[in-house]
Amino acid sequence: MTPAIDTLKRLGIAHRVHAYHHDPGTTAYGREAADQLGLDPALVFKTLVVSLDTKTLAHI
């Protein structure tokens, strides 16, 4: 599992995992997930986990 899902489990937070076949050639991950799952893209949130040596938060 991903670090995000492991954290949800550890904290006892209710969640659902929606699996789909990922096309390794795509770069629009959120759009791909929405399309594959038949969901409104505005309702799909993808997680991004970044590990930094500085122990600070990363942002784009």
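Thr26 is placed in the loop between helix 1 (3-11) and helix 2 (29-37), where helices are DSSP runs of H or I with at least four residues, strands are runs of E with at least two, and both are numbered from the N terminus. The structure is a predicted model, in which local features need pLDDT of at least 70, side-chain atom pairs count only at pLDDT 80 or more, and totals for chains, interfaces and linings use all residues. Residues are numbered from 1 along each chain as its sequence is written, and side-chain values use heavy atoms, with hydrogens and water left out.

Thr26 has a relative accessible area of 17% and is therefore buried, a word that stands for under 20% relative accessible area, while exposed stands for over 50% and partly exposed for values in between (1.4 Å probe, protein chains only). The side chain of Thr26 also reaches the backbone nitrogen of Ala28, at 3.5 Å; a polar contact is a pair of N or O atoms within 3.5 Å, of which, within protein, one must be able to donate a hydrogen and the other to accept it, and residues adjacent in sequence count only if both atoms are side-chain atoms.

Thr26 is also one of the residues in contact with Glu32, together with Tyr20, His21, His22 and Asp23, when neighbours of Glu32 within four places in sequence are left aside; contact here means heavy atoms within 4.5 Å. Glu32 belongs to helix 2 and is buried, because its relative accessible area is 8%. In helix 2, Ala33 and Ala34 are buried along with Glu32. For Ala33, the relative accessible area is 3%, and, with residues up to four places away in sequence not counted, Ala33 touches Tyr20, Val44 and Lys46. The C-alpha atoms of Ala33 and His21 are separated by 8.8 Å, although these residues stand twelve residues apart along the chain.

Helix 2 is followed by Gly38, which has a positive phi, near 65°. In the segment after helix 2 lies Thr54, which is exposed, since its relative accessible area is 55%. Thr54 and Gln36 are 18 residues apart along the chain, and their C-alpha atoms are separated by 37 Å.

Considered as a whole, the chain has two helices and zero strands. Its radius of gyration is 14 Å, whereas a compact globule of 60 residues would have a value near 10 Å; the radius is taken over C-alpha atoms, and the globule rule is 2.2 Å times the number of residues to the power 0.38. The C-alpha trace spans about 35 × 30 × 20 Å along its principal axes. Of the 60 residues, 10% count as buried, and among contacts with a separation of 6 or more, 9% are accounted for by residues 24 or more positions apart.

The largest pocket holds about 630 Å³ of space. On a 1 Å grid over the protein atoms alone, a pocket is an open set of points where a 1.4 Å probe fits, with protein on both sides within 12 Å along at least five of seven lines, and lining residues have an atom within 4 Å of a point. Grid points are joined across faces, edges and corners, and the volume is the space filled by probe spheres set on the points. Of the 19 residues that line the largest pocket, Ile5, Arg16, Val17, His18 and Phe45 are the closest to its centre. Helix 1 gives the most to this lining, with three residues.
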